[in-house]
Structure formats: C-alpha cells, structure tokens
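Open your viewer, keep the sequence panel handy, and let's take a walk around this one together.

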Amino acid sequence: MVKSFNFTRKDEINSVSATPLQNAKNENVTVVGGAITERPDHDTGEMATVGLLVTEEYGAMSTISKTAIRGIDMLIDYMTEENLEKCEIMIKAGTSKSGREFITIQIV
C-alpha cells in the first residue's frame, strides 16, 4: 500500500472486484475510504499504480488513470487533514486534445 485513508483489509479484498471509476462518470459519490497501491498488470505482469476508493454508493471503485490517481492522492491528504469521515465527490470525464477520455475527481 503506497498511501491509504480508512482503507481496511476487507476493502483491499473487495477492491479485486471493484467498479471502475469511469462507470460512474458525471455522478456524485460519497467517499468513506481510499488508497493508492501497486498491483501487477493483468496482461504484462508489470507493476501498475492503482487508485482505489470506497464509496457508499458503489462500494469499492478503482482506476488506473494517472489524473484520477493524482486526485485520489490529494483527496486522501484532504480527508486526513480535515479529519473527515466521508466526502462527496463528482467523478468527471474529459477529453484530451488527442481525443482520449480521462477521468478526474472534484470535491463538491
């Protein structure tokens, strides 16, 4: 585990079958825990950074989006510093100049 907030062993186990963040585009979710970890890529076996959230609406959610992982990293710090038990965020989707979709998070 690289970094976590209110993320239990049970959450880690449940994250194996997590809902991808992109499945909740443009939705608000209530975050109650989060983590950043490294796991082997399914195809190559190389280690990849994974962002994980525990939400009231979906349970475990995951992403490999570098942009979303940066947001999760800051969200973990924010929730820790503010001593928050939960935080409502919006999962947003954008399109890069090259036409690729990317995921970000925004505190609401």
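Before the first stop, a word on labels: helices (H or I, at least four residues) and strands (E, at least two) are DSSP runs, numbered from the N terminus. You're looking at a predicted model, where local features need pLDDT of at least 70 and side-chain atom pairs count only at pLDDT 80 or more, while totals for chains, interfaces and linings use all residues. Residues are numbered from 1 along each chain as its sequence is written, and side-chain values use heavy atoms, with hydrogens and water left out.

**Stop 1: two loops**

Select Asn-26, which sits in the loop between S2 and S3. Its phi is positive, about 60°, although Asn-26 is not a glycine. Most residues other than glycine have a negative phi. With a relative accessible area of 53%, Asn-26 is exposed (exposed means over 50%, buried under 20%, partly exposed in between, using a 1.4 Å probe and protein chains only).

Now jump to Asn-83, in the loop between H2 and S6. Here too phi is positive in a residue other than glycine, near 55°. Asn-83 is exposed, at 67% relative accessible area.

**Stop 2: Ser-15**

Next, select Ser-15, in the loop between helix H1 (9-14) and strand S2 (19-20). Buried or exposed, would you say, for Ser-15? Ser-15 is buried, because its relative accessible area is 4%. Show its side chain and look for a polar contact with the side chain of Arg-39, at 2.5 Å (a polar contact is a pair of N or O atoms within 3.5 Å; within protein, one must be able to donate a hydrogen and the other to accept it, and residues adjacent in sequence count only if both atoms are side-chain atoms). A polar atom of the Ser-15 side chain also lies 2.6 Å from the backbone oxygen of Glu-12. Leaving out residues up to four places away in sequence, Ser-15 touches Phe-7, Arg-39, Leu-52 and Ala-60 (contact means heavy atoms within 4.5 Å).

**Stop 3: the nonpolar cores**

Nonpolar side chains tend to be buried together in soluble globular proteins. Select Leu-21, Leu-53, Ile-72, Leu-75, Ile-89 and Ile-91: these have the most contacts inside the largest nonpolar core, which has 19 residues (such a core is a set of buried Ala, Val, Leu, Ile, Met, Phe, Trp, Tyr and Cys residues joined through side-chain atoms within 4.5 Å). S3, H2, strand S6 (87-95) and S7 each supply at least two residues of this core. Which element gives the most to this core? That's H2, with six residues.

Zoom in on Leu-21: beyond four places in sequence, its contacts include Leu-53, Met-61, Ile-72 and Ile-103. Then find a second, separate core of five residues, among them Phe-7, Ala-35, Val-50 and Val-54.

**Stop 4: Glu-88**

Glu-88 lies in strand S6 and counts as partly exposed, at 37% relative accessibility. Draw a line between its side chain and that of Asn-28 to find a polar contact of 3.1 Å. Now pick the C-alpha atoms of Glu-88 and Gln-106: the two residues are 18 residues apart along the chain, and these atoms are separated by 8.6 Å. Leaving aside neighbours within four places in sequence, Glu-88 is in contact with residues including Val-29, Thr-30, Ile-107 and Val-108.

That's the end of the tour.
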